[in-house]
Amino acid sequence: MKKIISIIILFILIFSLSSCMNNSTSNEVTNTNIDNSDSKSIGEVNTTETFDYKIRTASNIDPYYQYNNMTLKVDNLVIPLYNCKTNFSNSWNPEAPSRMNNAVAILELEGTAKFTLTATFKVSNKCDIRPLSKNVNKKIVDDYNLEFIISEAGQYTVELSNDRTLHLFITEYQKYDAYKESTNLMYFDSGVHNSSNDNRINSNNRIVLSSNTVVFIDEGAIVEARFEATNASNITIVGYGIVSGAKFDRNANTGSHTVPYDFEYCNNIKFYGISTLDPAGWCYNIFFCKDVELDDIKIISSRSNGDGVSLQSCENVKCQNSFVRSWDDSLVVKNYVSWKDGKEGTTKDIYFDNCVIWTDLAQSMEIGFETIGKVMDNINFTNITVLHNFHKAPISIHNGNNALITNVLYKDIVIEDASMGKGDGRNILIDITSEFSTTWSTNHKVTAVGDIDGVTIENVTVLSSNNPIVSIRGSYDARSEYKSYHYVKNVKIINVIISGIKLDESYQKYETSYSENISFE
């Protein structure tokens, strides 16, 4: 009798395991105490070291989205690579013609894993894995193979040559699974979702969300659509998958665009985990919203006006633990005029923290130029790593309208590669200006120009640079109806190190005018 019961139990276990495997939408592997004694050493890793890990990733990718010039493996598990356009041009062009293919890997990880990356092109002997602060152990095995070990979730760039990069996005294992049990759930499983095969996406490639909705985009899912909401609350977009704009037209001459996330006059909105690749314009358009949270989001943009996270007249917003590679401003805060009633914007209590940025064009951490509305207060950029900035200032405030910009903090910033000034850019590190702009100050409403009062820039380390400019300038507005002086006041610059040299008032490329109480410590 006991033998019969044992057989029955064994049959049930086998059947359950089979069902789980058949229902899986991803590639999931668990390794415990794998012996890598025959493998080559990596950095200081002992050749007999073993690795315990769990990995979950997409099992396959639609051929349209595959990147085929690299192969990434963990032991015998092949991590699928997505193709994503990047743009190494440092001069703005409405058609953004200089784009090229690069790779993205997305996975969940628990424990420590050794990755093997094989390329169809030669790997540079100067190959970097960034952020450099992660100190990722790596070994260039030969001209085409690289090995490295990662044991921490986060966003990495494996830069194999000047223009060939693997963007590696690692999320904590099963971090978001509980959201699959949410009520009022809109679920996207693995595969491509678009207006031709998913009736939740309308003919204009839009998904219009209502209040109290959870959208879950699972491992291996690619959603070709735009999410939007107006006057809604309690919306969450979460998961491990991708929102792609690759098939949508973007032309700055004609104005054609498809913004992946367009949220207006909304409250309590959350974005967790999602990767957004090749948006057809800017990416997150958050307009007159309150209580917004973005966590572990990933963005790669390469087309005209490809801003990453754009906050416009918003209050109480937190963006953290995220990655932005952009072909325009990466993180940007503005005040606009409400299209509903003409009311000028208010911005306050904005927090960007623990983000990784790569800015191919424009600014990394920008306030302005459009600043229509008197209140722009308590704006914070902390624990930010700028991997590369090739064009304009990583740290910038441009008050082009009537705001009084107060209580701004840039703190604990590392800029690994400050290569500003390429293309049509300017080699400037800090750019704080209160000034009328003929290009930007008249776009939405013509106003007087306000002041900037209270900026702290603290613990900024620039690892590599070419003697950039530091500019803090107010202005005299000569327009007949607005004649007045506008000042930048009460700026503290504390422990800013540029290529090993501490910034002070004797810095050779320090520019200032119409400023008061600028201090260096």
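**Reading pockets, contacts and confidence in a predicted model**

The largest pocket has a volume of about 790 Å³.

User: What is a pocket here, and which residues are the closest to the centre of the largest pocket?

Analyst: This is a predicted model, in which local features need pLDDT of at least 70 and side-chain atom pairs count only at pLDDT 80 or more, while totals for chains, interfaces and linings use all residues. Residues are numbered from 1 along each chain as its sequence is written, and side-chain values use heavy atoms, with hydrogens and water left out. On a 1 Å grid over the protein atoms alone, a pocket is an open set of points where a 1.4 Å probe fits, with protein on both sides within 12 Å along at least five of seven lines, and lining residues have an atom within 4 Å of a point. Of the 33 lining residues in this case, Asn305, Asp307, Asp328, Lys334 and Trp440 are the closest to the centre.

User: Which strand supplies the largest share of that lining?

Analyst: Strands are DSSP runs of at least two residues, and helices of at least four, numbered from the N terminus. Strand E33 gives the largest share, four residues, and the strands that each supply at least two include E21 (261–264) and E24 (284–287).

User: How should I read contacts, and which residues does Asn378 touch through polar contacts of its side chain?

Analyst: A polar contact is a pair of N or O atoms within 3.5 Å; within protein, one must be able to donate a hydrogen and the other to accept it, and residues adjacent in sequence count only if both atoms are side-chain atoms. Asn378, in strand E34 (residues 375–389), makes such a contact with the side chain of Tyr351 at 3.0 Å, and another of 3.1 Å joins its side chain to that of Asn380. Contact in general means heavy atoms within 4.5 Å, and, leaving aside neighbours within four places in sequence, the contacts of Asn378 include Lys348, Thr406 and Asn407.

User: Where is confidence lowest in the protein?

Analyst: pLDDT is the predictor's confidence in each residue, from 0 to 100. The protein averages 92, and 91% of the residues score at least 70, but confidence is lowest in helix H1 (residues 2–23), at a mean of 43. Where pLDDT is low, the predicted coordinates should not be read in detail.

Terms used
Grid points are joined across faces, edges and corners, and a volume is the space filled by probe spheres set on the points.
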